[in-house]
Amino acid sequence: MQTHPLEALDFSGWEIKADAGAALGALLGKCPQLKTLNLHGNKALGTAAGLEGIGKGIGSGQLSLEALDFRNCDIQADAEAALGALLGKCPQLKTVKFRKN
């Protein structure tokens, strides 16, 4: 598997669709040095389908994220289990932003 030395990804305002969650998760899994991920404003990713897709794309691995931005992602109540599972894959996480959800 090829990995990338990226430390930060900013997808704020991209309007990433829920069905792209798995592809996003797979990308994240290929970036072992990634420390910061900004998903601000990607409301479709705040659904159960979007968050579950990210988790499935990551697979059984863990992420080295230290900061995660979910501001204004309209995280849905039925997505709480998928969100918890995703956060569980980020043992080094220090900061999560949830404002305007």
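Author: Let's start at Asp-69, which lies in strand S3, residues 67-69. Strands here are DSSP runs of E with at least two residues, helices are runs of H or I with at least four, and both are numbered from the N terminus. This is a predicted model, in which local features need pLDDT of at least 70, side-chain atom pairs count only at pLDDT 80 or more, and totals for chains, interfaces and linings use all residues. Residues are numbered from 1 along each chain as its sequence is written, and side-chain values use heavy atoms, with hydrogens and water left out.

Asp-69 counts as buried because its relative accessibility is 7% (buried is under 20% relative accessible area, exposed is over 50%, partly exposed is in between, with a 1.4 Å probe and protein chains only). Apart from neighbours within four places in sequence, Asp-69 is in contact with Leu-37, Asn-38, Leu-39, His-40 and Lys-97, where contact means heavy atoms within 4.5 Å.

Further along we reach Asp-74, in the loop between S3 and H3. With 36% relative accessibility, Asp-74 counts as partly exposed. Not counting residues up to four places away in sequence, Asp-74 touches Lys-43, Gly-46, Lys-100 and Asn-101. Leu-39 is 35 residues from Asp-74 along the chain, and their C-alpha atoms are separated by 11 Å.

An α-helix has 3.6 residues a turn, so residues three or four places apart point the same way.

The axes of H2 (residues 48-58) and H3 (residues 80-88) come within 8 Å and cross at roughly 30 degrees. That makes H2 roughly parallel to H3, since angles under 35 degrees count as roughly parallel. Ala-48, Leu-51, Glu-52, Ile-54 and Ile-58 in H2 meet Ala-82, Leu-83 and Leu-86 in H3. By class, this contact of H2 with H3 has seven nonpolar, no polar and one charged residues.

Note on methods:
Axes are lines fitted to C-alpha atoms, for helices over the stretch in contact, and angles run from 0 to 180 degrees between N-to-C directions. Angles under 35 degrees count as roughly parallel, over 145 as roughly antiparallel, 65 to 115 as roughly perpendicular and the rest as oblique. Ala, Val, Leu, Ile, Met, Phe, Trp, Tyr, Cys and Pro count as nonpolar, Asp, Glu, Lys and Arg as charged, and the others, Gly among them, as polar.
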